[in-house]
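Look at the structure, then read on.

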Amino acid sequence: MTAMLESPQPALGLFERWLSLWVFLCIVAGIALGQWTPGPFEALGRIEVARVNVPVGLLIWVMIIPMLLRIDFAAMGQVRQHWRGIGVTLAINWLVKPFSMALLGWLFLRHVFAPYLPADQVDSYVAGLILLAAAPCTAMVFVWSRLTQGDPYFTLSQVAINDAIMIVAFAPIVALLLGLSAIVVPWDTLLTSVLLYIVVPVVIAQLWRKALLRGGEPRLQAALARLQPFSTAALLATIVLLFAFQGRQILAQPLIIAMLAVPIVIQVYFNSALAYWLNRRLGVAHSVAGPSALIGASNFFELAVAAAITLFGFESGAALATVVGVLVEVPVMLSVVHVVNRSRPWYEGRVA
């Protein structure tokens with residue numbers, strides 16, 4: 001069992017700590033480049049195979065595969081030890097979060113903010129929010145767990161289970177919620193997204209992980225350290241491309257980003273608070289309740305961005321909505337970490 005403690009929860013590094021700043025700078029750079037030199041970006045946008053943009057697809061793989069290398073699916077054997085915390089997190093991730101986001105998207109984008117949004121993009125914005133909420137985060141939760149002194153066995157097993165469920169549940173949940181939102185989604189394109197951005201990267205990552213572990217745990221950790229900068233750079237490059245295409249729309253209505261951020265921020269606080277409260281009611285240890293709340297609230301925005309581009313295109317409101325999720329995720333989640341840590345005496349003092 002000691003092999004499971006493979007330092008899966010790295011300290012918050014320079015890029016992660018300032019990720020929101022890098023995202024903001026990439027947004028500015030993307031908008032500026034899209035206005036000054038639109039030709040190269042339009043050419044990149046035309047490189048497609050079966051409706052999948054090849055440059056973005058490659059960037060997404062560079063993003064996702066290093067994250068998936070951290071996942072040990074053997075950790076699912078730890079379920080029995082943490083069944084209450086895992087049950088709470090699974091319920092929030094798969095039964096609450098996608099549906100609460102669909103509700104918040106309907107409320108704010110179709111009603112509260114509707115007069116201020118371009119009418120032809122509202123459906124696409126809602127779709128982007130649904131894609132954002134339909135998959136639980138994989139990589140950053142290791143960081144959040146470490147910052148809350150979370151149980152590493154729980155974090156590993158929870159992420160492994162979520163990734164296994166995502167392979168079969170992501171497409172049906174997205175199709176259901178988009179259908180309820182009266183948005184037509186081609187099943188073949190959605191299933192292609194699942195295959196390209198979940199199944200294939202998971203298989204590659206697990207085979208690569210197995211090969212690296214033949215050389216021992218230090219070899220795996222060294223590979224993860226080398227690959228992390230490439231993963232972050234790919235994320236930032238994707239954002240530059242997205243905003244190069246979205247620039248005109250954003251400059252015309254700069255408040256769109258703020259309006260899209262409102263339901264995202266609300267759903268993070270709502271789902272993290274609900275998971276934290278449920279764990280406390282069930283007498284779960286704080287070292288499990290903390291990461292449970294954070295996993296329950298965070299989003300796999302890399303997958304959301306990829307799926308939005310594949311389903312709706314570079315210039316869609318869906319792609320923009322998922323990138324707004326990247327922008328607000330880190331500062332909002334850090335505030336949740338702060339609340340979890342500050343409330344620990346209260347949590348532990350009254351657990352039954």
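Helices here are DSSP runs of at least four residues, numbered from the N terminus. The model is predicted.

Q: Which helices each supply at least two residues of the lining of the largest cavity?
A: They are helix 4 (54–68), helix 8 (152–180) and helix 9 (187–213). Helix 9 gives the most, with 3 residues.

Q: What makes Thr138 and Phe300 lining residues of the largest cavity?
A: A lining residue has an atom within 4 Å of a cavity point. Thr138 and Phe300 are among the residues that line the largest cavity. The volume of this cavity is about 40 Å³.

Q: How do the residues of the lining divide into nonpolar, polar and charged?
A: There are 7 nonpolar, 1 polar and 1 charged. Asp counts as charged, and Asp163 is part of the lining.

Q: Why is Asn271 called buried?
A: Buried means under 20% relative accessible area. Asn271 has 0%, so the label applies. Asn271 lies in helix 11 (residues 255–281).

Q: How do you know that the side chain of Asn271 makes a polar contact with Gln267?
A: The cut-off for the N or O pair is 3.5 Å. The side chain of Asn271 reaches the backbone oxygen of Gln267 at 2.8 Å.

Q: Why does Ser298 count as buried?
A: The limit is under 20%. Ser298 has 0% relative accessibility, so Ser298 is buried. Ser298 lies in the loop between helix 12 (286–297) and helix 13 (301–312). Leaving aside neighbours within four places in sequence, its contacts include Lys97, Trp144 and Met333.

Notes. Residues numbered from 1 in each chain as written. Predicted model: local features only at pLDDT ≥ 70, side-chain atom pairs only at ≥ 80, totals over all residues. Heavy atoms only, no water. Buried < 20%, exposed > 50% of the residue type's maximum accessible area, 1.4 Å probe, protein only. Polar contact = N/O pair within 3.5 Å; in protein donor to acceptor, adjacent residues only side chain to side chain. Contact = heavy atoms within 4.5 Å. 1 Å grid on protein atoms, 1.4 Å probe; cavity = no way out; pocket = protein on both sides within 12 Å on 5 of 7 lines; lining within 4 Å. Points joined across faces, edges and corners; volume = space filled by probe spheres on them.
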